[in-house]
Amino acid sequence: MSAALELSAEVRVETGKAASRRLRRLEDKIPAVVYGAAEEGQNLTLKGNQLSKVMQSDSFFSQILNIEIDGKAQQVILKDLHRSPDTGKVLHVDFLRVRADQEINVNIPLHFVNEESCVGVKVGGGLITHNLVEVEISCLPANLPESIQVDVAELEVGNSLYLSDLAVPEQVAIVALATGESDRDIPVCLLYTSPSPRDQRGSRMPSSA
């Protein structure tokens, strides 16, 4: 697990849409909330420039964050990020508190390796398609990995790698597989036959008389 990113926040007294719009427009601050771990939820305010800087790290979206609220440090994970559908700007952030003795469910990225040296690509001329780019896992906070590696070196044309093929640490479980239902063991990636130049051109339309 990588070093936790740092954020500072203030307790937010004013709530409601009007107050939130005023924070974003006039003070460059982002409303947020933190909840969980059998404690009451808190309405927070984040500094817009600090949040933007921290969000540049991919680990912001899947790793534990240290957030200081009025001088008191708490460990949290990002639970939801609300953006404007028009501009993409962050409107509100939801954080979930974590405790060392309680498992958490987190979506973490998949890291595909050995694609260029893959047997099905080099020998079979196939193409790899990714069906998933992240996977939901369950583990204790101390065991949270940065990503899960997907090694496609031995993948052959026409074959797929499934969730059950992923190598995960012993202390980490893939949520979709926890029920034991076979239909939830979905493909992660597929190696299919690359179309020939003739196939890519397609058939020629007949000329008009």
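# Legends for Close-up Views of a Predicted Protein Model

Figure 1. With a relative accessible area of 31%, Asn43 is partly exposed. On this scale, buried denotes a relative accessible area under 20%, exposed denotes over 50%, and partly exposed covers the range in between, using a 1.4 Å probe and protein chains only. The structure is a predicted model, in which local features need a pLDDT of at least 70 and side-chain atom pairs count only at pLDDT 80 or more, whereas totals for chains, interfaces and linings use all residues. Residues are numbered from 1 along each chain as its sequence is written, and side-chain values use heavy atoms, with hydrogens and water left out. Asn43 belongs to strand S3, which spans residues 39-47. Helices (H or I, at least four residues) and strands (E, at least two) are DSSP runs numbered from the N terminus. Asn43 and Glu14 are 29 residues apart along the chain, and 8.8 Å separates their C-alpha atoms.

**Figure 2. The fold as a whole.** The protein contains 4 helices and 13 strands. Of its 209 residues, 35% are buried. Contact is defined by heavy atoms within 4.5 Å. Among contacts between residues at least 6 apart in sequence, 67% join residues at least 24 apart.

**Figure 3. The loop between S2 and S3.** Ala37 lies in the loop between strand S2 (29-36) and S3, and Ala38 is placed in the loop between S2 and S3 as well. Ala37 has a positive phi of about 60 degrees although it is not a glycine. Ala38, also a residue other than glycine, has a positive phi near 60 degrees. Most residues other than glycine have a negative phi. Is Ala37 buried or exposed? At 14% relative accessibility, Ala37 counts as buried, whereas Ala38, at 80%, counts as exposed.

**Figure 4. Arg97 and its neighbours.** Arg97 is part of strand S6, residues 90-97. Its relative accessible area is 6%, so Arg97 is buried. A polar atom of the Arg97 side chain lies 3.0 Å from the backbone oxygen of Gly36. For reference, a polar contact is a pair of N or O atoms within 3.5 Å; within protein, one atom must be able to donate a hydrogen and the other to accept it, and residues adjacent in sequence count only if both atoms are side-chain atoms.

**Figure 5. Helix H2.** Lys53 lies in helix H2 (residues 48-54), and Gly48 is in helix H2 too. Lys53 is exposed at a relative accessible area of 62%, whereas Gly48 is buried at 8%. Gly48 and Lys29 are 19 residues apart in sequence, and their C-alpha atoms are 4.8 Å apart in space. Gly48 touches Asp28, Lys29 and Ile30, leaving aside residues up to four places away in sequence.

**Figure 6. The largest pocket.** The largest pocket has a volume of about 240 Å³. Strands S5 (72-83) and S7 (104-113) are the elements that give two or more residues to its lining, and S5 gives the most, with 5 residues. Among the lining residues are Phe61, Ile77, Lys79, Asn105 and Glu136. By class, the lining comprises 5 nonpolar, 4 polar and 3 charged residues. Here Ala, Val, Leu, Ile, Met, Phe, Trp, Tyr, Cys and Pro count as nonpolar, Asp, Glu, Lys and Arg as charged, and the others, Gly among them, as polar. A pocket is, on a 1 Å grid over the protein atoms alone, an open set of points where a 1.4 Å probe fits, with protein on both sides within 12 Å along at least five of seven lines; lining residues have an atom within 4 Å of a point. Grid points are joined across faces, edges and corners, and the volume is the space filled by probe spheres set on the points.

**Figure 7. The second largest pocket.** The second largest pocket holds about 160 Å³ of space. Its lining includes Asp58, Ser59, Pro109, Glu134 and Glu146. By class, this lining has 2 nonpolar, 4 polar and 3 charged residues.

**Figure 8. Cysteine residues.** The whole structure contains 0 disulfides, a disulfide being a pair of cysteine sulfur atoms within 2.5 Å. The closest cysteine sulfur to that of Cys118 belongs to Cys189, at 8.3 Å, which is too far for a bond. Cys118 is buried, with a relative accessible area of 0%, and Cys139 is likewise buried at 0%.
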